[in-house]
Amino acid sequence: MNNLRSTLAIVWRIAIPYFRSEDKVAGRTLLAAVIAIELALVAIDVLVNQWQARFYNALQEYNWDSFIWEIGVFVVLATTFIVLAVYQLYLNQWLQIRWRRWMTEAYLRRWLGDASHYRMQLKGDAADNPDQRIAEDVKQFVEQTLNITVNLLSSVVTLASFVVILWGLSEAAPLTLFGMEYHIPGYLVWAALLYAIAGTALTHWIGSPLINLYFEQQRFEADFRFNLVRVRENSEQIAVLRGESAEQTLLASRYGRVVANFYQIMSRTKRLTAVTSGYAQVATIFPYVIVAPAYFAKKVQLGGMMQTASAFSSVQRALSFFVNAYRTLADWRSTVARLDGFEMAIESAKTLSAEPQTIDVVSHAGDSIELAQLLLKLPNGLPLIAADGFSIRNSERTLLTGPSGAGKSTLFRAIAGVWPFGSGAISVPAHATLMMLPQRPYFPIGPLKAAVVYPAAADAFGLDRIKQALIAVGLPLLADRLDEDGHWNRMLSLGEQQRLGIARALLHAPQYLFLDEATASLDEPGEARLYQVIAEQLPQTTVVSIGHRSTLHAFHDRKVELVRDGDRFSLRSTGQGADVPAGSAE
């Protein structure tokens with residue numbers, strides 16, 4: 001019961017924001033229409049039940065006129081039912097796509113907002129495969145929640161409608177056993193209730209493990225899919241390393257989990273299907289077995305018997321909602337659990353930056369980036385870099401060096417405001433624009449011009465300006481391919497990608513440009529040419545570079561080295577501009 005309450009509370013928390021959103025009028029109207037039509041369909045079922053009594057009595061009495069009339073009544077009822085069923089499906093699907101679109105956009109905003117997607121990876125949260133949660137789980141949640149809600153409502157209304165009918169028929173067709181009548185008020189209702197309770201208990205006992213199995217199946221499927229994508233994205237490296245055999249082994253191992261878990265689902269589903277199918281088959285004949293003695297004792301006509309059997313089936317079906325929908329409910333609960341985990345991971349990532357021991361990135365009125373009592377930490381809490389009273393001065397070109405693993409890239413991430421682990425403050429000039437270029441730049445799939453100007457809109461810069469930037473960085477052959485669609489991270493060499501990254505910087509002209517080994521894949525003459533281009537076209541830009549080549553010294557005014565200082569690293573300025581002492585956060 002506690003699990004049920006918890007699940008319903010989560011469903012309410014996930015579902016209700018849409019019906020309070022800017023699309024609430026359309027959402028509520030469509031939901032009301034779907035519910036109203038469902039109630040109308042139940043009303044038609046009641047009318048058909050009453051029609052059965054008249055129709056079969058006409059057959060028993062050989063009443064041709066009544067038979068023809070009832071055929072006409074059935075045509076009207078059936079036509080109305082078909083029209084309502086068609087439009088209910090249409091409106092249900094319309095509501096689904098609107099609800100899903102709103103939820104997808106909301107999750108995308110929350111996941112991508114404030115670098116939550118990055119912090120979730122840093123924390124190692126259990127919300128694996130966000131792509132599956134947004135693309136697939138949202139779809140399943142909307143579809144299953146609507147269908148389960150509507151079907152549950154239908155079962156409740158059907159039960160309320162047909163219990164009254166069945167109770168009355170219990171009086172008209174008393175329980176008859178061995179020629180003796182037993183007047184038990186509403187015995188048909190009690191029989192349906194006991195039958196449904198027995199079926200529900202047996203179904204839950206056999207099928208409850210399916211909830212966890214469905215959860216694991218979705219996770220294993222998503223992991224396998226994700227690793228297939230990784231192979232495709234890194235196909236060049238796999239090919240040159242002749243790693244196909246290793247990849248096949250790894251993929252086979254992951255797919256083995258999919259198969260093993262599915263075998264468990266098959267085994268459990270086989271047992272559950274045996275119970276539910278047997279339950280449904282027995283339910284077909286059960287009401288006739290109960291009413292037949294009264295019919296053969298001539299206590300009830302054929303029409304009354306058929307009406308009783310139909311009403312009994314409706315009550316039993318309504319009471320058996322749990323039995324009939326068990327597999328769907330199990331899948332739905334696992335979907336709810338995955339979305340709940342995803343939401344909790346996003347919130348956890350957001351609160352990470354609000355914790356007391358975090359790095360504050362603030363604006364100030366100066367013209368330099370200031371590090372005050374800064375202590376960068378690893379996610380496990382170990383100290384990494386300490387800096388206090390360190391400045392990145394305006395229009396100065398700084399080269400940052402240090403051993404691998406010293407935290408040079410992490411310092412860049414902290415300045416960008418995406419590294420939350422640590423304490424202290426980083427003050428950035430108000431309204432300053434920063435651009436970080438990593439060793440492997442990111443380019444969205446699509447037209448080349450959109451990849452170059454990212455994250456700006458594709459039409460943010462004129463074509464001539466983009467072409468000039470490409471020519472300046474040594475990519476004249478790409479200047480005529482701006483409208484060509486492509487997966488540029490795969491189509492271009494790493495050196496070409498780095499040139500394209502510098503072209504992006506030339507277009508955006510940031511006030512602060514951070515180059516994290518952003519030219520390391522070029523030869524020294526090519527690297528020198530790009531630094532000359534940056535100096536010529538971005539003379540007012542403050543450049544901070546991470547690099548290991550001695551040739552980079554000529555293109556920077558100031559050299560800063562990360563040196564070991566106890567259990568952490570500290571910043572030490574050398575060469576020109578070496579007036580800043582080593583920093584310490586403690």
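## Largest cavity

On a 1 Å grid over the protein atoms alone, a cavity is a set of points where a 1.4 Å probe fits but cannot get out. A volume is the space filled by probe spheres set on the points, which are joined across faces, edges and corners. The structure described here is a predicted model, in which local features need pLDDT of at least 70, side-chain atom pairs count only at pLDDT 80 or more, and totals for chains, interfaces and linings use all residues. Residues are numbered from 1 along each chain as its sequence is written, and side-chain values use heavy atoms, with hydrogens and water left out.

The structure contains 3 cavities of 30 Å³ or more, and the volume of the largest cavity is about 80 Å³. Its lining (residues with an atom within 4 Å of a point) includes Leu 371, Phe 390, Thr 398, Val 544, Val 560 and Leu 571. Strand 6 (390-392), strand 7 (397-401) and helix 13 each give two or more residues to this lining; helices (H or I, at least four residues) and strands (E, at least two) are DSSP runs, numbered from the N terminus. By class, the lining has 10 nonpolar residues, 1 polar and no charged, where Ala, Val, Leu, Ile, Met, Phe, Trp, Tyr, Cys and Pro count as nonpolar, Asp, Glu, Lys and Arg as charged, and the others, Gly among them, as polar.

## Helix 13

Helix 13 gives the most to the lining of the largest cavity, with 3 residues. Within helix 13 (residues 408-416), Lys 408, Thr 410, Leu 411, Phe 412, Ala 414 and Ile 415 are buried (under 20% relative accessible area, with a 1.4 Å probe and protein chains only). Leu 411, Phe 412 and Ile 415 also line the largest cavity. Gly 417, with a positive phi near 90°, follows helix 13.

## Second largest pocket

A pocket is an open set of points with protein on both sides within 12 Å along at least five of seven lines. The second largest pocket has a volume of about 940 Å³. It is lined by 33 residues, of which Leu 8, Ile 148, Leu 152, Leu 329 and Trp 332 are the closest to its centre.

Helix 5 provides the largest share of this lining, 10 residues. Among the other helices that supply at least two residues are helix 1 (2-15), helix 2 (24-60) and helix 12 (326-352). The lining comprises 26 nonpolar, 6 polar and 1 charged residues.

Note on methods
Buried means under 20% relative accessible area, exposed over 50%, partly exposed in between (1.4 Å probe, protein chains only).
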